[in-house]
Amino acid sequence: MKPPRDAAARVAELRRAIGHHNYLYYVQDQPEISDTEFDRLFRELQELERRYPLLVTPDSPSQRVGARAESEFAAVAHALPM
């Protein structure tokens with residue numbers, strides 16, 4: 001079933017917002033919204049993707065874990081693999 005246009009538009013909007021807030025939080029260390037509000041946006045995205053699986057893409061925030069590692073930190077060799 002093809003998802004409605006408003007659902008696809010909302011998913012795109014949520015992805016942009018989540019990407020923006022991830023950047024502010026992880027890179028700039030200057031969040032604009034609370035963790036609760038961020039979680040609400042993320043859960044709404046997950047719910048829309050659950051209802052409309054055709055909207056799920058590999059680059060969706062719901063399909064990624066964490067953020068890119070900072071390049072200013074040196075690599076560390078662990079005694080046990082992580």
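Serine 62 lies in the segment after α2. The model is a predicted one. Is serine 62 buried or exposed? Serine 62 has a relative accessibility of 19%, so it counts as buried. The cut-off for buried is under 20%.

What does serine 62 touch? Setting aside neighbours within four places in sequence, its contacts are Phe42, Leu45, Gln46 and Glu49. The side chain of serine 62 also makes a polar contact with the side chain of glutamine 63, at 3.1 Å.

## The chain as a whole

The secondary structure of the protein chain consists of two helices and zero strands. Along its principal axes, the C-alpha trace spans about 50 × 30 × 20 Å.

How much of the chain is buried? Buried residues account for 22% of the 82 residues. The chain exposes about 6700 Å², and carbon and sulfur atoms supply 54% of that area. Now take the contacts between residues at least 6 apart in sequence: 56% of them join residues at least 24 apart.

## Helix α1

Helix α1 covers residues 5-27. Does its length agree or disagree with what its residue count predicts? At 1.5 Å a residue, the 23 residues of α1 should span 33 Å. The end C-alpha atoms of α1 are 32 Å apart, which agrees.

Which residues of α1 are buried? They are Ala7, Val11, Leu14, Arg15, Ile18, His21 and Leu24. An α-helix has 3.6 residues a turn, so residues three or four places apart point the same way. The buried residues of α1 pack against α2, which covers residues 35-51.

After α1 comes aspartate 29. The phi of aspartate 29 is positive, near 55°.

## A closer look at valine 11

Valine 11 is found in helix α1. Its relative accessibility is 2%, so valine 11 counts as buried. Beyond its neighbours within four places in sequence, valine 11 is in contact with Leu45, Leu48 and Leu55. Leu45 is also on the contact list of serine 62.

How far is valine 11 from proline 31? The two residues are 20 residues apart along the chain. Their C-alpha atoms are separated by 21 Å.

## Aromatic pairs

The structure holds two aromatic pairs. One joins tyrosine 25 and tyrosine 26: the ring centres are 4.9 Å apart and the planes stand at 80°, so this pair is edge-to-face. An angle over 60 degrees counts as edge-to-face. Tyrosine 25 is partly exposed because its relative accessibility is 39%. Tyrosine 26 is also partly exposed, because its relative accessibility is 46%.

Phenylalanine 38 and phenylalanine 42 form a pair with ring centres 6.3 Å apart and planes at 20°, so this pair is stacked. An angle under 30 degrees counts as stacked. Where do these two residues lie? Both are in helix α2, four residues apart, or about one turn of the helix. Phenylalanine 38 is buried because its relative accessible area is 18%. Phe42 is also one of the contacts of serine 62.

Terms used: Residues numbered from 1 in each chain as written. Predicted model: local features only at pLDDT ≥ 70, side-chain atom pairs only at ≥ 80, totals over all residues. Heavy atoms only, no water. Buried < 20%, exposed > 50% of the residue type's maximum accessible area, 1.4 Å probe, protein only. Contact = heavy atoms within 4.5 Å. Expected span 1.5 Å × (residues − 1). Phe/Tyr/Trp six-rings, centres within 6.5 Å; stacked < 30°, edge-to-face > 60°. Polar contact = N/O pair within 3.5 Å; in protein donor to acceptor, adjacent residues only side chain to side chain. Areas by Shrake-Rupley, 256 points an atom, 1.4 Å probe, with all protein chains shown as cover.
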